[in-house]
Amino acid sequence: MKNIFLLLVFLTLIQCNKSENLAKEEAVMQIAPPNAISEKLTSNDKASAMAVMDSEQPQPPNQEIAPKKIDTISKKVIKNGNMTIQVGDIKKAHQQVNEIIKNNKAYVQNEEFRNTDTDENLNLIIRVPHKNFDALINSFSDGLGSVVSKEVSSEDVTEEYTDVSIKLANKKIYLEKYRNLLKNAASTKDMLEIQEKIRGLEDEIDVAEGRLRFIDDRVNYSTLNLSLYKEKVRSSATSKIGFGSRFADSLTEGWNSFVGFILGLVSLWPFLLIIPIIIYLWKKWRARKKK
């Protein structure tokens, strides 16, 4: 009996010892950091925990999201100019202008020549690469003649170019969507409506692309309106024209004045017609009065 009692006491002590150890482990797990807890786990426990955590966390999508590409548009500036130069010889000045144009890789878009009684005029519209615009202006200012007027202007169209480009890109996206819808159109009515949308978008895209091409052309090639003129001096003191030419000019001017006088009288024909009638009526009235 005594041996049985001693065995029961021994088992009770062992059970108390296990309970104390479990309580200590639980206290350590509550206080210790996650790293310390993971160190106490066996390899199998770790594998199981990782599997649970992986199953609970959301998985990323299979598709890779490409970074959004932002297109940067360089600064767009249109430069224009106007110059008026008085020269001594139009032909010689024209040759010099052609040489300067060639050296600056420019070209003449339009040329107009007028020869009047008072002067000779040569008007040129010149297109020159943007980077050579200032050099062209300086070349015309030096040695070509007397600069009467010069005007240079710059217009920044970067904002307009960017706005048109963005709208154009969006219209192309919508156009592609409408084309895909057209393939899956269920009825003739839907097909006609989609085709009408597509035609409208295509017209708007053509207009936008044309506007961008126009801006690029004006930006890449600047425009200069150049006017060359030579005055014709008709004074008798300074003119180099001979007496015979001036005498013929005087006869011509006299004849023109005479013709102008005759034409002026002809333009007064209603008054010339009314005056005889008035005189006749006045004489008739006077004769009646005497009787």
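Which residue in β3 stands opposite glutamate 112? Asparagine 123 does. Keep in mind that this is a predicted model.

β3 covers residues 119-129, and eight bridges join β2 to β3. The two strands run antiparallel. In general, strands of a sheet pair through backbone hydrogen bonds, either parallel or antiparallel.

Now the whole sheet. It is open and has five strands. Read the order with me: β2, β3, β5, β1, β4. The pairing is mixed. β2 and β4 are the edge strands, and each pairs on one side only. Neighbouring strands are turned by 10 degrees against each other on average, direction ignored.

What packs on this sheet? Helix α7 does, touching β1, β3 and β5. The direction of α7 makes about 55 degrees with that of β5.

Look at α7 itself. The helix runs over residues 188-220, which is 33 residues. From first C-alpha to last, α7 reaches 47 Å, close to the 48 Å expected.

Which residues of α7 are buried? Among them are Ile194, Ile198, Leu201, Ile205 and Ala208. Further along, Leu212, Ile215 and Val219 are buried too. Check the spacing of those numbers. An α-helix has 3.6 residues a turn, so residues three or four places apart point the same way. The buried residues of α7 pack against β1, α6 and β5.

Last stop, a loop. Lysine 105 lies between α4 and β2. Lysine 105 has a positive phi of about 60 degrees, although it is not a glycine. Is lysine 105 buried or exposed? Lysine 105 is exposed, with a relative accessible area of 65%.

Technical notes. Residues are numbered from 1 along each chain as its sequence is written. This is a predicted model: local features need pLDDT of at least 70, side-chain atom pairs count only at pLDDT 80 or more; totals for chains, interfaces and linings use all residues. Side-chain values use heavy atoms; hydrogens and water are left out. Helices (H or I, at least four residues) and strands (E, at least two) are DSSP runs, numbered from the N terminus. The expected span of a helix is 1.5 Å times one less than its number of residues. Buried means under 20% relative accessible area, exposed over 50%, partly exposed in between (1.4 Å probe, protein chains only). Contact means heavy atoms within 4.5 Å. Two strands pair if DSSP finds at least two bridges between them. Axes are lines fitted to C-alpha atoms, for helices over the stretch in contact, and angles run from 0 to 180 degrees between N-to-C directions.
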